Amino acid sequence: RSRGVSSMEGYEPKLTVRTHQTDQTVTIEIQDNGPGIPEEIKDKILQPFFTTKKGTAGTGLGLSITNDIIKAHGGDLKIESDKNGTVFSIRLHA
């Protein structure tokens, strides 16, 4: 059964943070169990000034700046999302 935004009764939000370390990298994963990121915006969410909020509720800079900081430290940000949730993986190299 798919959880759409309008049919989330009984839904219990969950946020999980995991870390992994090897000799070469440190990875931080942030995972939620929400409805996922819609396909039509997946390619846009890291662009500066992109926001899904109405009016003046958001600037659309948060993920863009986060991605720039990660890259400036020699790392990368990977996003995986489907109808069962989203995982943001931040990998930093030693």
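## Surroundings of Gln31

Leaving aside residues up to four places away in sequence, Gln31 touches Lys14, Leu15, Thr16, Arg18, Thr86 and Val87, where contact means heavy atoms within 4.5 Å. With Arg18, the side chain of Gln31 also forms a polar contact of 2.7 Å, a term for a pair of N or O atoms within 3.5 Å of which, within protein, one must be able to donate a hydrogen and the other to accept it, residues adjacent in sequence counting only if both atoms are side-chain atoms.

This is a predicted model, in which local features need pLDDT of at least 70 and side-chain atom pairs count only at pLDDT 80 or more, while totals for chains, interfaces and linings use all residues. Residues are numbered from 1 along each chain as its sequence is written, and side-chain values use heavy atoms, with hydrogens and water left out.

Gln31 counts as partly exposed because its relative accessibility is 28%, between the limits for buried (under 20% relative accessible area) and exposed (over 50%), with a 1.4 Å probe and protein chains only. Gln31 lies in strand E2, residues 25–32, strands being DSSP runs of E with at least two residues, numbered from the N terminus. Its C-alpha atom is separated by 6.4 Å from that of Val17, 14 residues apart along the chain.

## The sheet

Four strands form an open sheet in the order E1-E2-E4-E3 with antiparallel pairing, two strands being paired if DSSP finds at least two bridges between them. Strand E1 (15–21) and strand E3 (76–82) are the edge strands, each pairing on one side only.

E3 and strand E4 (residues 85–93) pair in the antiparallel sense over seven bridges, and Asp76 stands opposite Arg91 in E4.
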